[in-house]
Amino acid sequence: MFARMRNTLKTRNRGLGPSAVGSRLFSVQALRAVGALLVVWVHSIDAAEVYSFPRQSRFFHWENYGACGVDIFFAISGFIVSQVAVRMADRNPGATSATARQFLTRRITRIYPLYWILTAVVIAMDELGRHHIQWHSFHWLPSLLLLPSLHALGNAPVLSLGWSLMFEMYFYLILTLFMFWSPRSLVRNTTMFLCGMVIVGTIVNIHRPLTVIWMNPIVLEFVFGCFIGLIFSHSTMTVRTKKIGVWVAVIGAILLAASIFTGYGQASEQDWILAGYHCWLRVGVWGVPAALLVGGVIFWNPKMRSAPARLLVFLGDASYSIYLCTIPSRSVVEHSWSIFGRFGADTGVFLGALFCTTIGVICYLSLERPLMRAFHNWYKPIPLHKKPATLST
């Protein structure tokens with residue numbers, strides 16, 4: 001596995017001089033890694049707390065802080081996916097139906113195959129384990145298709161981290177609709193629609209099945225990413241722009257880290273978010289800072305040349321697998337805590353996080369990457385308005 005990972009890192013930078021490496025948005029991939037590792041860490045703490053009491057879980061509000069990695073993902077997704085949609089629409093202005101269909105097909109093949117495989121893994125582990133899943137109250141179709149529940153609030157999929165994918169797919173569907181109806185203004189109309197739905201939901205009360213997803217304030221984090229993309233596509237990358245980006249990223253990072261000490265209430269709990277509670281708090285304490293961090297890093301665009309930086313970029317490529325593998329990997333950590341916690345609870349948290357990340361990387365190399373190649377959906381650089389920076393689909 002390590003040989004394949006090393007070859008991937010070499011291939012990524014082969015033939016790219018310093019300027020070429022710096023002209024690509026590898027920094028966004030590094031942020032994806034940060035988001036995934038934060039999620040892994042919070043679940044490693046949860047696994048440790050089943051049998052022991054790690055000291056870090058009592059350090060201010062660090063215990064559930066890693067959940068903010070999802071908010072970083074949402075801002076990145078809003079930026080990248082909206083810009084990919086714009087690029088596809090611009091390339092085929094006379095074939096909106098075919099372009100929209102191609103865009104949605106790529107999104108579906110990007111999300112569902114690996115999600116279904118790991119959902120099957122979770123189900124198999126549950127059948128062989130302690131039967132945590134309440135099958136009598138479980139609704140298969142919404143869970144497998146990442147659809148909002150028609151029956152109950154806070155109903156997460158079997159693979160519980162799939163809750164965030166429900167919002168991702170909603171965002172993709174709205175982008176697809178406006179790519180078909182108004183390709184010239186698809187980002188503007190998408191953001192207006194999402195903001196309008198949130199306003200309506202706030203007025204009429206969103207605490208109902210189905211509408212709790214469509215009108216949830218957390219979708220504004222995708223809107224933030226769309227705004228970053230609009231600013232980026234109309235900007236010129238200069239030294240001054242990079243300096244501004246550095247400061248914006250620093251401010252975002254400080255505000256995001258501040259919640260460790262100030263707290264974030266129940267905003268870290270997925271069940272509350274899916275039920276429509278504490279959503280505005282989450283957007284405020286995590287969504288806005290995450291958007292500032294993402295936007296700042298995009299305009300700063302540091303040159304990811306060092307070995308640690310390239311490792312982060314690689315982990316960013318594997319972030320989807322790392323994210324989804326967190327739940328089954330965490331289960332293994334819990335059931336093998338006598339091994340992971342042998343040298344203390346906090347060391348066990350680190351070893352558990354390392355194990356979950358490693359399983360995610362193996363999944364990426366052996367499953368996700370072959371699946372993407374099979375669906376012709378492998379990462380390809382897409383130039384934005386003839387700018388030197390590039391994105392990946």
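Which residue's side chain meets that of Arg 330 in a salt bridge? I found Asp 46, at 3.8 Å from N to O. I took a salt bridge to be a side-chain nitrogen of Lys or Arg within 4 Å of a carboxyl oxygen of Asp or Glu.

On sources, I note that this is a predicted model, where local features need pLDDT of at least 70, side-chain atom pairs count only at pLDDT 80 or more, and totals for chains, interfaces and linings use all residues. Residues are numbered from 1 along each chain as its sequence is written, and side-chain values use heavy atoms, with hydrogens and water left out.

I searched the whole structure and got 4 salt bridges. The pair of Arg 330 in helix α15 (residues 319-335) and Asp 46 in helix α3 (residues 26-49) links parts of the chain 284 residues apart. Helices here are DSSP runs (H or I, at least four residues), numbered from the N terminus.

Next I looked up Arg 282, which forms a salt bridge with Asp 71, with 2.9 Å between the closest N and O atoms. Arg 282 sits in helix α13 (residues 279-300) and Asp 71 in helix α4 (residues 69-91), so this pair ties together parts 211 residues apart in sequence. I logged both Arg 282 and Asp 71 as buried, meaning under 20% relative accessible area (1.4 Å probe, protein chains only).

Back in helix α15, I checked Glu 334, which lies 4 residues from Arg 330, about one turn of the helix. Their side chains meet in a salt bridge at 3.0 Å, N to O. Shared partners join Asp 46, Arg 330 and Glu 334 into one network of salt bridges.

Notes. Helix = DSSP H or I, 4+ residues; strand = E, 2+ residues; numbered from the N terminus. Buried < 20%, exposed > 50% of the residue type's maximum accessible area, 1.4 Å probe, protein only.
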